[in-house]
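Colleague: I have the file open now. Can you walk me through it?

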Amino acid sequence: MILHVHSQLGEAVRAAARAAFAAELATVSFQYPPRAELGDLALTAPFDLAKTLRRKPREIAERLAAELSRAPGVRKAEVAGGGYVNVFLDRAPFARGVYDWVADPAPAARVPGQVIVEHTSINPNKAAHVGHLRNAILGDTFVSILRHRGRDVGVQNYIDDTGVQVADVVVGFRHVAGKSYDEVAELAGGARFDYYCWDLYAQVGEFYAADPARKKLQAETLHAIEEGGNETARLAELVAARIVECHLATMERLGIRYDLLAHERDILRLHFWDRAFELLEKAQAIRRETEGKNAGCWVLTMESEGADEDKIIVRSNGTVTYTGKDIAYQLWKMGHLDRDFRYRRQKRYDDGHVLWTTTSGEGEDGAPRFGHAREVYNVIDVGQSYPQRVVKAGVAALGHEEAAEGSHHLAYEKVVLSPATARAMGYAVSEEETAVKVSGRKGLGVKADDLVDALVTKARAEIDVREDAREGERRAADERGRAAREISMGALRYFLLKFGRTKIITFDMEEALAFTGETGPYIQNGVVRARNIRAKLEDEGHRVPDLVARARALDLGAWLAGEEGDEVWSLFMLMARSDEAAEQALRAEEVALLAKHAFAVAQAFHSYYQKPRYSVLHAETEELRALRTLVVDAFVRHMEVLTRVLGIPIPERM
RNA sequence: GCGCCCGUAGCUCAGCAGGAUAGAGCAGCGGUUUCCUAAACCGCAGGUCGCCCGUUCGAGUCGGGCCGGGCGCACCA
């Protein structure tokens, strides 16, 4: 909504600059005055023009202000400070526009070209932990914003089913737990297999540490898995497949779904790397070293990477590194590898959406076209920045400049544990430590399902307290359970989104369980209240659509000019800026911007509706009731969209 | 050594195309419920934006240098 105003007024400013000063402005950006009394939008173009025109900013501002005052939708424009132009919008038509926009949000213009987002990509060898949740929630929400803003997005979850981590658990089953394939199969069919593997994986760490010679088992196992067609590979396959199902179930609790599971095994079996190697060799993007420390290796030159400029892609024993495989995968994503996976249906979600999986065996018909993206976002922790740069460099070295340009690493920092939370989990933490690193090897970390369980339990307890205090009918257990799950989901998603992605999150259980203040439940609460007001109106014989229609026909201008109007106006301005917030989130690749914006909108509504003098049901006049209903209805409708984009469900009651 | 990230209120963090008096949550203190549900609202208090230099009409924001903390620079993934 506001972006439309920006471009319209921007045109007016450009025209004015042309007419008055024969100056050509490239882009006109608008800011917002620090206080509402100063105006609705602020223009800083006079400062820029002052430089090129060698005239006083104020002088330029005067001229632009005069022109802008005549622009449609503008009530007045005045010069402030050293050369700002503050624009006051005509409130009534703008407010009607905002209402129409939120009541019937036109989908954003379709942006051509496919976008692939890879996220989650957890090693399929143990339960997901809170760090993985950060990845998945970040990725899922980014996808949602992309789609909201008109992008065609495919979501891929990379399954490293032939890596060392899976190999370690296989070693665990064989040599630590001493289980046969059938015994593992039985375990895998039971509950909490991912938890079992979590503990087993930690034991394998100790097993290796006790006798370094045992590391040989890891190498042998990994080799057998890569080779395929043997008992070890079958066991690895079983473990990985079952753990992936656990991860999918965990993520589904948070509303996170995928379009494709891309398996590393299939990248190997279908010889993606061999093809990528041919391409890289032919383009002389990689070269074989004949002397020096990298003798016998194929390396990719990394410019400006410091002392160690070359990255080894193929080891001297002829095997390819992970980074090499990743280059092949990235090339496939971008449609620059003339190979493709075969596909099978993995599962069908409740809403009918099909999750596909890659396969190197027999494929099924009907798969959509995966992997011809214009833009690729890889959601991977910041520790992978260097290999991600290598992947990008590899794509670029093949001459695919645009593809390299379109390769984004959505890097995020890790999640560490607060001393209190680590202690609660039974770890000794010294006084000086301010944070404790999670460690899969040591089995130290907060499991995703445990965290969700704790949230649901806490939310349920809160609900029970409130329900028991109620007069009249109380909710049944299953309704309370559903609300508890929805509130937990909102709390967790917001909690992991509100930090910038370059910030290390020190995870504290107490803090994560908070339902007051800047949290998901705060946002949910506002919408629930607003919906409740609408419901009460209907109960008392009013019809919300009629009231809204009536309000639209009233003199909005007079009302919006008053004291109540100021509060309503700032709420409407904030709602109008949601499209801008979403675009900013995409441009800055920072999902937190939209999450924070949603909180700000909720906050503005809370502060308004809470005041008894602005009561809708007990409004002094029918006119005021109609006007306030329009506000409440606009808020609900808008927040339904915003929260859906953020993946925050709205419970029926808190 | 080189590269990246972080340093803003007691604590956790916003402030990411430089812009007006630096914001929010938590914690603290004081208020608000015969009023659409208090997971709420209102108020008070709390800041040399790590330090120095520079660019600019203007720097928390950009550049350089320093200090402190974290991560990366594997023939691991």
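Colleague: Which parts of RNA strand B lie within 4 Å of the protein, sugar or phosphate, or bases?

Modeller: This is a predicted model. In it, 61% of the RNA strand B atoms within 4 Å of the protein belong to sugar or phosphate, and the rest belong to bases.

Colleague: Which residues come nearest to RNA strand B?

Modeller: There are 67 residues around RNA strand B, and Arg315, Lys437, Asn532, Tyr609 and Arg653 come nearest.

Colleague: What is the surface near RNA strand B by class?

Modeller: That surface has 29 nonpolar, 19 polar and 19 charged residues.

Colleague: And which helices or strands supply at least two residues of it?

Modeller: Strand β4 (84-89) is one of them. Helices α14 (385-397), α17 (448-469), α20 (520-539) and α25 (592-609) also each supply at least two residues of the surface near RNA strand B.

Colleague: What does Asn86 do there, in terms of distances?

Modeller: An N or O atom in the side chain of Asn86 is 2.8 Å from a base nitrogen of RNA strand B.

Colleague: And which backbone atoms are listed with a phosphate oxygen?

Modeller: A polar backbone atom of Gly500 is 2.9 Å from a phosphate oxygen of RNA strand B.

Colleague: Change of topic. Where are the domains in chain A?

Modeller: Domain 1 covers 2-89 and domain 2 covers 520-646. Their C-alpha centres lie 29 Å apart.

Colleague: How many residues are in contact between domain 1 and domain 2?

Modeller: Six residues of domain 1 are in contact with seven residues of domain 2. About 670 Å² is buried between the two domains, and carbon and sulfur atoms give 67% of that area.

Colleague: Which residues of domain 1 lose the most area to domain 2?

Modeller: Ile2, Leu3 and Tyr32, which together make up 68% of what the domain 1 side buries.

Colleague: How many salt bridges and polar contacts are there between domain 1 and domain 2?

Modeller: Zero salt bridges are found across that interface. Five residue pairs are in polar contact between the two domains.

Colleague: Which helix gives the largest share of the domain 1 side?

Modeller: Helix α1 (residues 2-21), with three residues. By class, the side of domain 1 that touches domain 2 has four nonpolar, one polar and one charged residues.

Colleague: And how many salt bridges does the count come to?

Modeller: The count comes to 57 salt bridges. One of the pairs is Arg14 and Glu11, whose side chains meet at 3.2 Å, N to O.

Colleague: Why are Arg14 and Glu11 separated by about one helical turn?

Modeller: Because they are three residues apart in helix α1. Side chains of opposite charge can pair when their charged atoms come close.

Note on methods:
Residues numbered from 1 in each chain as written. Chains lettered and ligands numbered in written order. Predicted model: local features only at pLDDT ≥ 70, side-chain atom pairs only at ≥ 80, totals over all residues. Heavy atoms only, no water. Domains from an automatic or database assignment. Contact = heavy atoms within 4.5 Å. Buried area = accessible area lost by both parts, 1.4 Å probe. Salt bridge = Lys/Arg side-chain N within 4 Å of Asp/Glu carboxyl O. Polar contact = N/O pair within 3.5 Å; in protein donor to acceptor, adjacent residues only side chain to side chain. Helix = DSSP H or I, 4+ residues; strand = E, 2+ residues; numbered from the N terminus. Nonpolar A, V, L, I, M, F, W, Y, C, P; charged D, E, K, R; others polar. Near = heavy atom within 4 Å.
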